[in-house]
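These are my notes from a browse through one protein model.

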Amino acid sequence: MLLDRSSEAIAHFIGLFHLDAEAARLRESYDAFRALTEAPPDQADLPHVTVSIRAPYDVPPFEPGLRHVILEPPPQPLAPGLSTFAAAVDPAPMRFPLPHPHLPGPEPLDLPPPQTVMPHWQVPLPNSMVTVTVQRLELSDNDFLDFGHGTEFVAPAELTAQLLELVDAAQGLTLGLSALMQPGELPATAALLELLAKADGLEADASDGVSVSVLHGAEAMGVVLIDGVAADAMPDIRASLPLALRREEDEDDSEDGDNPFAVAPGHHVNTGANLVANEAHVGSDWVDAPVIAVMGDVVRLQVISQVNVLLDRDSPALTGPDSLPSRAVNAARIELASSAAPGAEAAAVDPVFPRAWQVVRVEGDVISLNWTQSHNFVTDHDRAEIEFSGSNTFIEMGGNTLGNFASLVGLGFHYDLIIIGGSMITMNLIEQVNVLLDSDSIGGTLGPVTGISGGDNYLLNYASIASIGVDTVLALPDNFRAAGESLAGGAGTIPASLAQDPLFAGKTSLSVLYISGDLIEVNAIEQHNYVGDADQVYLALQEFVANAGDEITVTTGSNALVNDARITDAGIDSTVLAGGQIYTDALIHQAGLIDSGAAPSGVALPPLTGEAVAAFLASDMIDPPAGDDLSALPHVTGDGGSLDVMHSVLA
């Protein structure tokens, strides 16, 4: 129970008195104990011990028992250039016994003729390597925000079906490399050559609404091609991002300990601003030699195929002066550079030829395959009723970031001579596809809204193939053909006459590699981005209009789809001697289907794009809703949505 103040004071005093009494008792006991511990111990007399030491044995001096005789130095030469040994020899001529005339003489010695000794050194065997990288990201972020106003929206499933139609359309516009680039399999050379032969027909069959550009051979080498037009440089990826994404990067860079949950003044709604990217870099410095003799065919193909498909039909309110236009860019470059230093001239070759050579052989094929596939599939069909009640508001239902990244480096060995019993095949292949559905609708009270943006989307395909090392292809001479046939028959070395070929002038030795099969190098990159961001926004601001003194912005676009593929195939300048056919080609194929305006009447595409293309271009599919009123759209209840911000992770 509780005591009054007087009782509490008395009890407190009694307690303190009790503690002091206990301390006094303990101190008395402690002082007696301490006095005992501090008393000095009794010191007894030290014991007296007498020690007697005797050492009857004497150690003699060290005597190892060795006799060392110091020799007198030899006398100095009697005359310059005359050694002591020569002076000690009797100058009389030496006499040798002669055979008896009646006895048989000694048998003649059977000595082998002098032979050339061939030095031996270790030549490394080539390495075969296969890498298969498959990357796939899928995101379904179809958010639903409901404030109870009973707004009816189009179901996300219907919008996803439109996205799939666009995907089919994009596949109809591609060159068809993906069908030949199966995971971990080597593309068939004949099928790829047949595909390239048909590439010119794609540009000729292009129809209204579809842009196709095809460059072959020398026209595709050494130029930067942007949407079929030559350019000075490749685009800057960061500087070309949508304004909303660049603003977010600037804010992240300048943020220094600020509140990450701070809200900018005003009221802002963002249902777009998705960033989806694929990035792959492949570097190869593999098996190579300044002289390569090929018994079979020589095939070198460099192919880039790029496709952009964009459907961006927004409500009229989203295409006002504040909405930036969407952009779709195909940028490609195929380069070939010499391995020699710029400006370096060939030095004078000494008239010497190899005197020694070492041959290593591989039975079968030598293969380098780097195969990378990266796919992103995103749906961000947001449905939102928006109303504001606070002083500052920020609602974000987009802002997703997905990325696939791969970086590979393959290294091998260089030789002085490579002899290939089969064919020499080199392929660098890149296929890139971007598909975006961004047809947004907005309705409700639009009076106080100061900034509405439904565009500013950016689709970029960025591809680069850089080859270092120029191959000069010539016909196979008879001496190299004979050496190849001899090695195929089981010979362990090359003829000495082959080492005297003018191609080896200036070398003192040769490291030779013989491959009984094919020498194959394939670098293949496949990158696809499929994004659906058809948002539906209803602004319920009737009661907010009178008090809306701050900025109100709505962003439904500003998506970025980026494919970045770069192949660097390094080597050395080589003379390639081909015994069979020679197939060398470079091709850049770029196609685009961009629809960001009103639906034209009677739109149809030729069979090049397939039935799916004609289907998605049908007017009943892509016509925007009449006006800005969303009440005519099919009703979808909000049961499928959730206000849980983590629902996309927990689903």
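**Entry 1: S374**

I started at S374, which sits in strand β12 (residues 366-379); helices (H or I, at least four residues) and strands (E, at least two) are DSSP runs, numbered from the N terminus. This is a predicted model, where local features need pLDDT of at least 70, side-chain atom pairs count only at pLDDT 80 or more, and totals for chains, interfaces and linings use all residues. Residues are numbered from 1 along each chain as its sequence is written, and side-chain values use heavy atoms, with hydrogens and water left out.

Is S374 buried or exposed? S374 counts as buried because its relative accessibility is 0%. For the cut-offs, buried means under 20% relative accessible area, exposed over 50%, and partly exposed in between (1.4 Å probe, protein chains only). I then listed what S374 touches, not counting residues up to four places away in sequence: Q135, N278, N404, E526, Q527 and H528. Contact here means heavy atoms within 4.5 Å.

**Entry 2: the whole chain**

I counted 12 helices and 28 strands in the protein chain. Of its 651 residues, 42% are buried. Among contacts between residues at least 6 apart in sequence, 92% join residues at least 24 apart.

Next I checked confidence, using pLDDT, the predictor's confidence in each residue, from 0 to 100. The chain has a mean pLDDT of 80, and 75% of its residues reach 70 or more. Over residues 77-98 pLDDT stays under 50, and the model has five contacts for them beyond four places in sequence. Residues 598-651 also have pLDDT below 50, yet this stretch has 86 contacts in the model beyond near neighbours in sequence.

**Entry 3: nonpolar cores**

A nonpolar core is a set of buried Ala, Val, Leu, Ile, Met, Phe, Trp, Tyr and Cys residues joined through side-chain atoms within 4.5 Å. Which residues have the most contacts inside the largest nonpolar core? They are L175, V309 and V435, in a core of 40 residues. Another core, of 20 residues, lies apart from the largest one and includes M129, A289, V366 and I420. In soluble globular proteins, nonpolar side chains tend to be buried together.

**Entry 4: helix α8 and its phenylalanine**

In helix α8 (residues 478-488) I found F480, A483, G484 and L487 buried. These residues are on the same side of α8 because they cover an arc of only 100 degrees around the axis; the arc is that of the directions from the helix axis to the C-beta atoms. D478 and E485, on the other side of α8, are exposed. What do the buried residues of α8 pack against? They meet β8 (291-294), β11 (356-362), β16 (417-420), α9 (496-499), β22 (509-515) and β27 (574-578). After α8 comes G490, with a positive phi near 115 degrees.

I also searched the whole structure for aromatic pairs and got three. Rings of Phe, Tyr and Trp (its six-membered ring) pair if their centres lie within 6.5 Å; planes under 30 degrees apart count as stacked, over 60 as edge-to-face and the rest as tilted. F480 and F504 make a tilted pair, 6.2 Å centre to centre with 50 degrees between the planes. This pair links distant parts of the chain, with F480 in helix α8 and F504 in the loop between α9 and β22, 24 residues apart. F480 is buried at a relative accessible area of 0%, and F504 is buried at 0% relative accessibility.

**Entry 5: R313**

My last stop was R313, in the loop between β9 (298-311) and β10 (327-337). R313 counts as buried, because its relative accessible area is 4%. The R313 side chain makes a polar contact with the side chain of D595 (2.7 Å). A polar contact is a pair of N or O atoms within 3.5 Å; within protein, one must be able to donate a hydrogen and the other to accept it, and residues adjacent in sequence count only if both atoms are side-chain atoms. R313 and S439 are 126 residues apart in sequence, yet 4.5 Å apart in space, C-alpha to C-alpha.
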